[in-house]
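This report covers the overall dimensions, the nonpolar core and some of the strand pairing. The chain is shown first.

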Amino acid sequence: MSETPANRPATRIVGTPQIRKEGVKKALGRAKYTDDFETEGMWHGATVRSSIPRGRIRAIQYDPRIPWSEFVIVTAADIPGNNHIAMIGADQPCLVSERVNHCDEPILLLAHPNKRRLPEAVAAIYIEYNPLPAVLSIEESETQREIIWGPNSNQGNIFKQFHLEKGSIDEAWASAAHIVEGEYATGAQEHLYIENNAMIAEYSEESGLTVRGSLQCPYYVHKSLMAVFDLPAEKVRVIQVETGGAFGGKEDYPSIIASHAGLLAFKARRPVKLVYDRMEDLAATTKRHPSRTRHRTAVDRDGKLMAMEIDIALDGGAYATLSSTVLSRATLHSTGPYACPNVRITSKAWATNTVPCGAFRGFGAPQSIFAIERHMDQIARAVGLTPDEIRRRNFLHTGDTTATEQRMNEPIILDTLLERALQESDYHAKRARFAQQNPHSAIKRGLGLAAFYHGAGFTGSGERYLNSLAGIDVPANNKVRVLVANTEFGQGTGTILSQIAAEALGLSYDDIEMAPCDTSIVPNSGPTVASRTSMVVGRLIERSGGQLIAMLRKEANLAETYSASEFFAACNRYRKQHGKVESLCRYEAPPNVYWDDQKYRGEAYPTFAWAVYIAEVAVDTVTYSAEVTNLYTVQEVGRVLNPTLAAGQIEGGVAQAIGYALYEKVQLKNGHMVNNQMTNYIMPTAADVPPIQVSFEEIPFAHGAYGAKGIGELPHDGPAPAILNAIQEATGQSFRSIPLLPEDIFLRFLAHKPAEEPVTA
Amino acid sequence: MSLIEFIVNGQRTQVEAPPMKRLLDVLREDLGLTGAKEGCGEGECGSCSVRMNGELVNSCLVPILQANGAHIQTVEGLAIDAELHPLQKAFLECGGAQCGICTPGMLMAATHLLAHNPHPTLDEIREGLAGNLCRCTGFIKIFDSVIAAAAMGGNHPHAR
């Protein structure tokens, strides 16, 4: 674990391993998730989905053997408001009325009192189509032969594009000592939260629509429901209940399932629960964007980067969802943590007739970091440097500028992170040993590096637009409540924000509780995404605490030093005068952080988390399986607010990223996921995860809660390139796309015998 | 419908249910024991794990008829009154639970492991928990929790 740096302020509660706020009920098995709620008179819902990737609906037939009068059936015609899901755009219908744009697209909704009657009814609705040619890959979309989204022009099929230039790239090629080119690809990935998407809705004329369910962003759902139901804000209420994992998979999708549950409840006039089973969840809900990234890089004789030309293509699926912001984050992470005077990046998110891609931990960064970190190893080989040395010579340092001309004013300690990672993994000694042993062994071992940053918080002007409001109140029960719309789904939101509130108020952790995450109670503190909760929302809670103390000192005689009972007595006095004790704060951007949306230039992120990861692999040349045998992580994430939770984030993210690299393949057939079961969509198990070493360096960020930066997404960025770099070291084979399954290794080895000569140390 | 008599967490229990109704559904719907969760419905994720006659089973794969006369232990039967089982304490303190949805099943798998092997090695823990998927923790803190529980005497009276 990390040592305490001298510049870290002393804290009582922040920085300590407090027990998870909702931990006891989870350990007792008493935490109630959406599917655990049953209410009197509740019906169950199901969804009828498309079976083709693109076409027009010609007719819908209802099998007369089903007693349809027992069911409530909802079609697009039943939607009281707009038939669209309000996200960044509004292109995605809530229910298909005519045109199908991907497999498993929702067309009809059914509800019945007995959930066991639903599968048969779903199967008894026959939808006839006039099929249209489907576009199923980035490459097909790029040809623009079929325009499936947007204008019928050369802008067709493009959800979003960016073009970024720094310096004068065209002059660099002529004087380069080496020009290194490469193409890298990443596949879709399923979040595989263990709790499937689930929502319960009820509707009444007096109180409007209430949905409760498994979700990350209550106010995103709230906004979507207002549009679908044409209801004012106060007639829509969204409540998050215990959520069994999310990882971005419950950022955008819950707006859809909440609308569907709501429509059924609206028509049935009774509560309706809509819970997906695993096959439906896998087939129909969002995935990580597949990507293809091309690099062309000029380097000088010493391995210094002279020019980087980067072209990124993301597969967004059938609708725009969050693709524009995923593409932006991919673009802004595509140069890696390196200084380069001349950069050109072009990036596009393409439409295809596949299930829309959405948010997933890392949000575009894992894709472009995979490409640059694999590419850096190819550059190292071209120049004749070791993987660590090529990076050391090109790292960003304090005062350097990024591709968007952001001057890095915060301290950057990549050199320290690298040295520590090399030391902890015993990199050079092991690398020499493996080079000696590999030629004589069927098991080829190797080490691979990845260095990377992850921008914390929303990209560009995002946080200014969000304009989050959060705070605390003190009800008469002598507990402080944290008022945020940020959700707990395993990462520790409730714990971290309670620690921050306790610290700021001079109280104990047990004096704090989380207000129910209910839009009728908590303000809009923004979505629980983008590694922003601790840093941005935590800071609002820290400020709200300071503000409350000042209020109580001024108006309720709170002394300079006080006990908990004196604090609550002061709150009681204040409440008598003012009716309530509440302190809210609104987001203020850190000074000198300015982003120009038009020019796509400026401070892309207020700060960055930094890391160097080293993967150690063993590739079995008999079974063709690649196994990660050790993973060393060294990161600088600002102040670590809770060491147990922070390490848990890193370990969990690393495991998920190992799955991304080596196990998890979304297999589509004519646009439908055919391995939509846990039996054949394989994630790492307890038997598969390697020892994961977690080390932190801490440089407090002045504008994050008690120095915090973002942490949650960072660990998904580095493992995949580190693992494939290690596999290249082990086998001499350069694999450029993930997931890399044993059959891929087998095919390559069939074509090229594994390197017999020792890998140079 | 069949009349099923069995013992759930030490209590003699009767339910009338279709014989092929899954044990998971009987526990959750008929008995209100919602600790066991459905993650996949096909015996892959282990979040519905319970113990039946001392064996660890995926309750989504057990027709209730098969449970007739059986002793069933669920997560709700781990704590004695308010006192947490050593594994529950360890999961809390070591960070073995994040989102918590796999936790009930994971606790039952760990209980089963410690009942047979009170001081497992790390490899034995990995193998013992390999049928239970967790997407949050990367399993590391779950391993730590089991090791800590074993040190606390994880083979609790209720763990048999």
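Helices (H or I, at least four residues) and strands (E, at least two) are counted here as DSSP runs, numbered from the N terminus. On that basis chain A contains 18 helices and 28 strands. The model is predicted.

## Overall dimensions

Along the principal axes, the C-alpha atoms of chain A occupy a box of roughly 75 × 75 × 50 Å. The radius of gyration of chain A is 26 Å, which agrees with the value near 27 Å for a compact globule, because that is what the rule gives for 761 residues.

Of the 761 residues in chain A, 59% are buried. When contacts between residues at least 6 apart in sequence are taken, 81% of them link residues at least 24 apart.

## Nonpolar core

The largest nonpolar core comprises 287 residues. Those with the most contacts inside this core are Ala201(A), Ala261(A), Leu264(A), Ala501(A), Ile541(A) and Ile723(A).

Which residues does Ala261(A) touch, leaving aside those up to four places away in sequence? They are Gly45(A), Met199(A), Ile200(A), Ala201(A), Val211(A), Val272(A) and Leu274(A).

## Pairing of strand S2

Strand S2 of chain A covers residues 55-62 and pairs with strand S4 (residues 99-100) of chain A in the antiparallel sense, over two bridges. Gly55(A) lies opposite Val100(A) in S4(A).

S2(A) also pairs in the antiparallel sense with strand S6 (residues 125-131) of chain A, over seven bridges. Here Ile57(A) is opposite Tyr129(A) in S6(A).

Key
Residues are numbered from 1 along each chain as its sequence is written. Chains are lettered from A and ligands numbered from 1 in the order in which they are written. This is a predicted model: local features need pLDDT of at least 70, side-chain atom pairs count only at pLDDT 80 or more; totals for chains, interfaces and linings use all residues. A nonpolar core is a set of buried Ala, Val, Leu, Ile, Met, Phe, Trp, Tyr and Cys residues joined through C-beta atoms within 7 Å. A residue is buried if 20 or more other C-beta atoms lie within 10 Å of its own, exposed if 12 or fewer, and partly exposed in between; C-beta atoms are placed from the backbone. Two residues are in contact if their C-beta atoms, placed from the backbone, lie within 7 Å. Two strands pair if DSSP finds at least two bridges between them. The radius of gyration is taken over C-alpha atoms; the globule rule is 2.2 Å times the number of residues to the power 0.38.
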